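Please read the points below with the sequence and the model open beside you.

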Amino acid sequence: MTLLWSIRNNHIVLNCRCGHVGIIAVQELIDVLGEDVELDVVERSARCNSCGFKRISSVQIIYVGASEYALLGADTKPEDDTTE
């Protein structure tokens, strides 16, 4: 049981069986539905913008933002440039 208020800084990705992938900010859902709505309710009531059916195959919770920090510390060693 995941309530929307507990993931308010995230986005959800809805994958339809037709292949369409939709993404929406959780805060936008909270503004419309309220913060005490469960994520399962959103998944069951979601309708695909592409095919129009309620055929959501999976839902993912993702964090979008702070990309400048995403690869912090991922520096690689420079290649050894010794040629003989």
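1. Terms for exposure come first: a residue is buried if its relative accessible area is under 20%, exposed if over 50%, and partly exposed in between, using a 1.4 Å probe and protein chains only. This is a predicted model, in which local features need pLDDT of at least 70 and side-chain atom pairs count only at pLDDT 80 or more, while totals for chains, interfaces and linings use all residues. Residues are numbered from 1 along each chain as its sequence is written, and side-chain values use heavy atoms, with hydrogens and water left out.

2. Overall layout. The protein has 2 helices and 3 strands, where helices (H or I, at least four residues) and strands (E, at least two) are DSSP runs numbered from the N terminus. Their order from the N terminus is β-β-α-α-β. Of the 84 residues, 24% count as buried. Contact here means heavy atoms within 4.5 Å. Taking contacts between residues at least 6 apart in sequence, 65% join residues at least 24 apart.

3. Thr2. This residue belongs to the segment before β1. Why is Thr2 called partly exposed? Because its relative accessible area is 30%, and that value falls in the range between 20% and 50%. Apart from neighbours within four places in sequence, Thr2 is in contact with Ile7, Val37, Glu38 and Leu39. Thr2 and Leu39 are 37 residues apart along the chain, yet their C-alpha atoms are separated by 5.6 Å.

4. Asn10. This residue also lies in the segment before β1. Asn10 counts as buried because its relative accessible area is 18%. Leaving out neighbours within four places in sequence, its contacts are Ala25, Val26, Ile61, Ile62 and Tyr63. From Asn10 to Ile24, 14 residues along the chain, the C-alpha separation is 8.9 Å.

5. Arg44. Helix α2 holds this residue. Buried or exposed, which is Arg44? Arg44 is exposed, as its relative accessible area is 58%. Its C-alpha atom lies 7.8 Å from that of Ile56, a residue 12 places away in sequence.

6. Strand pairing. Two strands pair if DSSP finds at least two bridges between them. β1 and β2 run antiparallel and are joined by 5 bridges. Within this pairing, Val13 has Ile23 of β2 as its bridge partner, and Ile12 has Ile24 of β2. The hairpin of β1 and β2 has 4 residues between the strands, and Gly19 there takes a positive phi near 105°. β1 also pairs with β3 (residues 56-62), again in the antiparallel sense, over 6 bridges. On that side, Ile12 stands opposite Ile61.

7. Burial of β1. How many of the residues of β1 are buried? The count is 6 of 6. Both faces are covered: His11, Val13 and Asn15 are buried on one side, and Ile12, Leu14 and Cys16 on the other.

8. The core. A nonpolar core is a set of buried Ala, Val, Leu, Ile, Met, Phe, Trp, Tyr and Cys residues joined through side-chain atoms within 4.5 Å. The largest one has 12 residues: Leu4, Ile7, Ile12, Leu14, Val26, Leu29, Ile30, Val37, Leu39, Val42, Ala46 and Ile56. β1, α1 and α2 each give two or more residues to this core, and α1 gives the largest share, 3 residues. In soluble globular proteins, nonpolar side chains tend to be buried together. Val26, a core member, is in contact with Leu4, Ile7, Arg8, Asn10, His11 and Ile12 once neighbours within four places in sequence are set aside.

9. The pocket. On a 1 Å grid over the protein atoms alone, a pocket is an open set of points where a 1.4 Å probe fits, with protein on both sides within 12 Å along at least five of seven lines; lining residues have an atom within 4 Å of a point. Grid points are joined across faces, edges and corners, and the volume is the space filled by probe spheres set on the points. The largest pocket has a volume of about 320 Å³. Its lining has 17 residues, with Leu14, Ile24, Ala46, Arg47 and Asn49 nearest the centre. β1 (11-16), β2 (21-25), α1 (26-33) and α2 (39-45) each supply at least two lining residues; the largest share, 4 residues, comes from α1.
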